[in-house]
Amino acid sequence: MKHGLDAKTTAATPEAKLIVTQSPFDAFVRKYGTIPRRGVFGYFVHELGRRIVGGSYPVGATLPNEPDLVEQFGISRTVIREAMKCLAGKGLVEIKTRVGTRVKERSNWHHLDTDVMVWYYETGPSVEIMRSIKDLRLALEPEATARAATRRTDEDVTAISSAYGEMVSTIGDINTNADADLRFHTAIFAATHNMIYSQLIDLIAVGIYANRTLSDHDEVAEGQKRSLPYHKAILDAIVARDSDAAIKASRSLLESWRISHYDF
């Protein structure tokens, strides 16, 4: 990922000083993010968000004032103000008139916001956040899988089976396989027929995407191959309407989740 002073920059316009980040997560943000990575506003929000989450602006710190940000990034005060409002909406900062914009305690951050999750990964996720995500997935996914087993329709089974079949046939193609993996889990969450559960798929989506970003190709491919029996056990349990087996299979899959250099 390129960012900061080493990043490529735009040219010709007053926005030329804007830091444009090239990240492995750009494609993911285009599909799942809440703030598009395009235009002055979008790039600035993501750059500042990364700096906050990554600790360049630690908790309790006051962000540079508007004149300094105008000078640093070559953007308008209007863009800066709108970006600060956006970050405040994600719980990262608190804006106070005549005092400035302060970074809030992490307990206030909206950690399930897709952009915030991506910023964690882009800045090198800590063991703490990786363990937290895994712990939350362990609380959510087995129960979602159990509900899918008891509530699924024939159409749900077809969608889950189709995704699994593509996972089997695309071993070695890590990007296509990861997309099929996400469709597998999306279909399971949809099979709960609970609209709130269905919207929690973003948490899984960023984890699946991160697997292929934080590890090398061969390790990702081997991990995808190794995961197939766990996914098959989940599929079989849902087909059999066996909620207990679904819970067990889902937990086994999550317990097998490993990313290189992250012991969690």
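Reader: Are Phe25 and Phe28 buried or exposed, and what does the word rest on?

Author: Both Phe25 and Phe28 are buried, a term that stands for a relative accessible area under 20%, whereas exposed stands for over 50% and partly exposed for what lies in between (1.4 Å probe, protein chains only). This is a predicted model, in which local features need pLDDT of at least 70 and side-chain atom pairs count only at pLDDT 80 or more, while totals for chains, interfaces and linings use all residues. Residues are numbered from 1 along each chain as its sequence is written, and side-chain values use heavy atoms, with hydrogens and water left out.

Reader: What makes Phe25 and Phe28 an aromatic pair, and which kind of pair is it?

Author: Rings of Phe, Tyr and Trp (its six-membered ring) pair if their centres lie within 6.5 Å, and the planes are stacked under 30 degrees apart, edge-to-face over 60 and tilted for the rest. A search of the whole structure finds 5 aromatic pairs. The ring centres of Phe25 and Phe28 are 6.5 Å apart and their planes stand at 85°, so this pair is edge-to-face. Phe25 and Phe28 also belong, with Tyr121, to one aromatic cluster.

Reader: How do you know whether Thr114 and Thr153 are buried, partly exposed or exposed?

Author: Thr114, which lies in helix H5 (residues 114-122), has a relative accessible area of 4% and is therefore buried. Contact means heavy atoms within 4.5 Å, and Thr114, leaving aside its neighbours within four places in sequence, is in contact with Phe28, Tyr32, Gly33 and Asp202. Thr153, in the loop between H6 and helix H7 (154-169), has a relative accessible area of 28% and is therefore partly exposed.

Reader: Why is H2 called oblique to H4?

Author: Two packed helices are described by the angle between their axes and the distance between the axes. Axes are lines fitted to C-alpha atoms, for helices over the stretch in contact, and angles run from 0 to 180 degrees between N-to-C directions; helices (H or I, at least four residues) and strands (E, at least two) are DSSP runs, numbered from the N terminus. Angles under 35 degrees count as roughly parallel, over 145 as roughly antiparallel, 65 to 115 as roughly perpendicular and the rest as oblique. The axes of helix H2 (residues 39-53) and helix H4 (residues 77-89) come within 10 Å and cross at roughly 50°, which makes H2 oblique to H4.

Reader: What makes H2 roughly perpendicular to helix H3?

Author: H2 and helix H3 (residues 66-73) pack at about 110°, with their axes 13 Å apart, and this angle makes H2 roughly perpendicular to H3. Phe44, Glu47 and Arg51 in H2 meet Leu69, Gln72 and Phe73 in H3. By class, this contact has 3 nonpolar, 1 polar and 2 charged residues, where Ala, Val, Leu, Ile, Met, Phe, Trp, Tyr, Cys and Pro count as nonpolar, Asp, Glu, Lys and Arg as charged, and the others, Gly among them, as polar.

Reader: Why is H6 called oblique to H11?

Author: Helix H6 (residues 127-151) and helix H11 (residues 217-239) pack at about 40°, with axes 7 Å apart, which makes H6 oblique to H11. Thr145, Ala148 and Ala149 of H6 make the contact with Ile234, Ala237 and Ile238 of H11, and these residues divide into 5 nonpolar, 1 polar and no charged.

Reader: What is noted about the phi of Arg98 and of His193?

Author: Most residues other than glycine have a negative phi. Arg98, in the loop between strand S1 (93-96) and S2, has a positive phi of about 65° although it is not a glycine, and with a relative accessible area of 85% Arg98 is exposed. His193, in the loop between helix H8 (174-190) and helix H9 (195-199), likewise is not a glycine and has a positive phi of about 55°. The C-alpha atoms of His193 and Thr153, 40 residues apart along the chain, are separated by 9.7 Å.
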